[in-house]
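Reader: I want to learn how to read a model like this one. Can we take a few features in turn?

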Amino acid sequence: MTGNRVLIADDEIHIIHVVAIKLRNNGFEVIAANNGAEAYELACTEHPDIIVTDYQMPFVTGIELIEKLRANEETKHTPAILLTARSFAISEEMQETLGVEACLSKPFSPKELLKTIQDILHEKAMALHV
Amino acid sequence: MRRQRSLGWAATSAVILSLCVAALTGLHNSGIGVGWRSPTVALGLIACCIGAVGVIFLGLAYHRLVGTVMSIARQLSSASTGSESGLQSGSLLEMVSGLRSELDERAERIGQLETELKDLRLQSRLADRQKQHAEAIIYSLRDAVVVIDESDRLLMANEAAANLLDFDPSAACHQALAETVGQKHNEFVQLLQQSRQSGIEATRRELEFEQSDGPHTLDTIVSCVHEGDKVSGVVAILHDITREKEISQMKNDFVSHVSHELKTPLASITAYSEMLADGEADDEETRKEFYAIIQSQAQRLNRLIEDILNVSRIESGLIKVQKEPVSLAILIEHQMQMIKGFAEEKQITVTGQTPIIFDQVNADKDMISQVVVNLLSNAVKYTPAGGSVRIETQVDEVERLARVTVADTGVGIPADELDHVFDKFYRVGANNKQAKGTGLGLNLVKQIVEKVHGGRVFVTSEVGRGSTFGFELPLAAAVAAGAT
């Protein structure tokens with residue numbers, strides 16, 4: 001798991017900051033973007049192993065970012081986690097429709113986010129072995 | 001009777017004629033003296049004969065007439081006294097009696113009819129008055145009302161309906177509805193026709209109507225008017241719910257925005273607290289950084305809650321206002337320092353102008369500070385990196401007021417949205433994605449300036465070039481002069 005690259009997209013610099021510290025403390029390489037458009041560019045050029053994105057961001061929202069990622073051959077299989085501070089919950093069915101592997105509501109626990117990332121990457125690795 | 005009289009006249013005429021002829025013949029044949037043979041004598045004889053016969057005839061006629069009258073009088077007398085002999089004496093009594101009872105019945109019936117006629121006239125007047133009242137109500141309704149008959153012809157439509165469906169009501173009466181309102185409102189026409197055909201008591205549907213100021217949603221209730229088993233007409237009432245739907249949507253958006261705005265600083269507080277608790281901050285410097293972030297996010301949370309509460313307090317008139325002479329220049333300078341950190345994060349320069357003239361206003365310092373900081377933070381929020389924000393104060397000596405303007409080089413606001421930017425929960429559609437917000441900040445500015453301080457807010461904007469928001473407050477001297 002160590003050395004995996006995580007792209008985090010959020011317009012709240014404090015969220016990027018705290019998530020980056022947590023992940024780096026646990027051996028991950030972190031790249032960050034503060035809006036959807038920038039995140040898409042980084043996803044195409046830096047090829048992260050997993051993307052963590054906020055739902056509501058300026059210019060290109062988290063949902064629009066995922067749609068763009070899924071439409072691109074290079075990024076269509078990159079797992080994504082959606083962070084949301086919206087008032088509604090996102091069901092598993094909706095997650096599948098959106099094309100995200102997991103969805104966490106704000107406020108979230110950095111520990112929980114770390115575990116989710118690790119689980120998804122582990123599953124992905126197992127699937128590749130099979 | 002008439003026949004007898006005719007026969008009498010005929011007989012008398014015959015007698016007179018024969019007597020005249022006999023007299024003339026006799027005189028001629030007898031050769032009586034010269035005096036008798038003269039025409040004068042002959043005419044005198046004839047006149048005497050005629051006079052005699054006339055007297056006899058008149059006597060007979062008089063006798064007959066008197067007899068008849070006396071007979072009638074007796075019968076009438078008998079009838080009136082009810083004597084047996086009178087009743088038996090002839091049919092006239094029965095006839096008169098029948099006639100009288102019939103006349104009595106007729107008179108009674110006429111009386112009844114007159115009473116009924118009066119009632120009907122009264123009911124008619126009442127019905128006319130009720131109709132006028134009903135029409136006055138219908139014509140003054142803001143809801144559109146349309147009435148059609150069993151052949152889908154327009155019977156009645158009020159002004160609201162004419163405006164909504166765009167037709168001339170004076171020329172449309174008894175015209176086919178489909179032709180009157182045209183293809184544009186086909187869905188509405190079809191709904192009325194289907195309701196009439198189905199005969200369903202009431203149908204309710206939301207219909208979209210394209211108007212000059214954009215699409216409107218109307219809650220449409222269509223009711224059938226029945227005459228026996230048949231549908232004799234259809235009444236449609238259309239209530240415009242466009243604004244209600246907008247408000248409902250705005251409330252939903254507000255809950256969503258507030259939830260997002262509250263959760264965002266809370267997310268930072270939660271995450272940094274957990275990091276501290278888990279010992280993820282290695283050194284004292286990192287821990288201090290985490291504490292500072294938690295503190296700033298808690299303050300942000302508090303400001304947001306205060307915004308929500310202040311709007312509510314001002315609206316309900318419960319807010320405590322402490323007005324005092326305040327120098328706008330000093331207050332603005334202080335708020336500029338507060339916003340600079342946020343502006344520097346976005347690489348936006350904030351500049352101001354310090355006036356050298358008297359600019360004191362009689363205001364609640366904290367509230368006007370909030371106005372200034374809201375305008376400044378909005379300007380920074382909607383200005384792309386590298387842009388600039390400038391705040392200026394002017395004093396209008398003629399109008400005796402101070403004017404503050406905050407100009408940015410931001411994205412700007414479309415002209416059709418400018419009128420709504422101070423509305424509660426309103427967020428400019430095109431800018432919604434660019435920055436987060438509750439749609440409360442500018443409403444709070446308006447409430448504080450206009451409702452609490454009797455000032456005025458204004459905005460000018462050009463898409464792609466930037467916006468200028470501002471407010472005017474009466475100068476402290478002007479307020480004092482007004483008070484005395």
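Reader: Start with a strand pair. Which residue stands opposite Thr468(B) in β12(B)?

Author: Keep in mind that this is a predicted model. The general idea comes first. Strands of a sheet pair through backbone hydrogen bonds, either parallel or antiparallel. Here, Thr460(B) stands opposite Thr468(B). The strands are β11 (residues 456-462) and β12 (residues 466-474) of chain B, paired in the antiparallel sense over seven bridges.

Reader: How many residues lie between β11(B) and β12(B)?

Author: Three, and the two strands form a hairpin. Look at Gly464(B) in the turn: its phi is positive, about 90°.

Reader: Now a sheet. In what order do the five strands of the open sheet in chain B run?

Author: Read across it as β2-β1-β5-β4-β3, with antiparallel pairing. The edges are β2 (154-157) and β3 (202-211) of chain B, each of which pairs on one side only. From one strand to the next, the twist averages 20°.

Reader: Which residue stands opposite Ile148(B) in β5(B)?

Author: Val234(B) does. β1 (residues 144-149) and β5 (residues 230-240) of chain B run antiparallel and are joined by six bridges.

Reader: Which helix lies across β1, β3, β4 and β5 of chain B?

Author: That is α9 (residues 186-198) of chain B. Its angle to β4(B) is about 20°.

Reader: Switch to chain A. Which residues of helix α2 are buried?

Author: Gly36(A), Ala39(A), Tyr40(A) and Ala43(A), in a helix that spans residues 36-46. They cover an arc of only 100° around the axis, which puts them on the same side of α2(A). The general rule fits on one line. An α-helix has 3.6 residues a turn, so residues three or four places apart point the same way.

Reader: What covers the buried residues of α2(A)?

Author: The cover includes strands β1 (5-9), β2 (29-33) and β3 (50-54) of chain A, along with helix α3 (62-71) of chain A. On the face turned away from the buried side, Glu41(A), Thr45(A) and Glu46(A) are exposed. After the helix comes His47(A), with a positive phi near 45°.

Reader: Last, the interface. How many residues of chain B are in contact with chain A?

Author: 21 residues of chain B touch 20 residues of chain A. On the chain B side, the elements giving two or more residues are α10 (242-277) and α11 (284-316). The largest share, 14 residues, comes from α10(B). By class, this side of chain B has eight nonpolar, eight polar and five charged residues.

Technical notes. Residues numbered from 1 in each chain as written. Chains lettered and ligands numbered in written order. Predicted model: local features only at pLDDT ≥ 70, side-chain atom pairs only at ≥ 80, totals over all residues. Buried ≥ 20, exposed ≤ 12 C-beta atoms within 10 Å, placed from the backbone. Helix = DSSP H or I, 4+ residues; strand = E, 2+ residues; numbered from the N terminus. Arc of directions from axis to C-beta. Contact = placed C-beta atoms within 7 Å. Pairing = 2+ DSSP bridges. Nonpolar A, V, L, I, M, F, W, Y, C, P; charged D, E, K, R; others polar. Axes fitted to C-alpha atoms, helices over the stretch in contact; angles between N-to-C directions.
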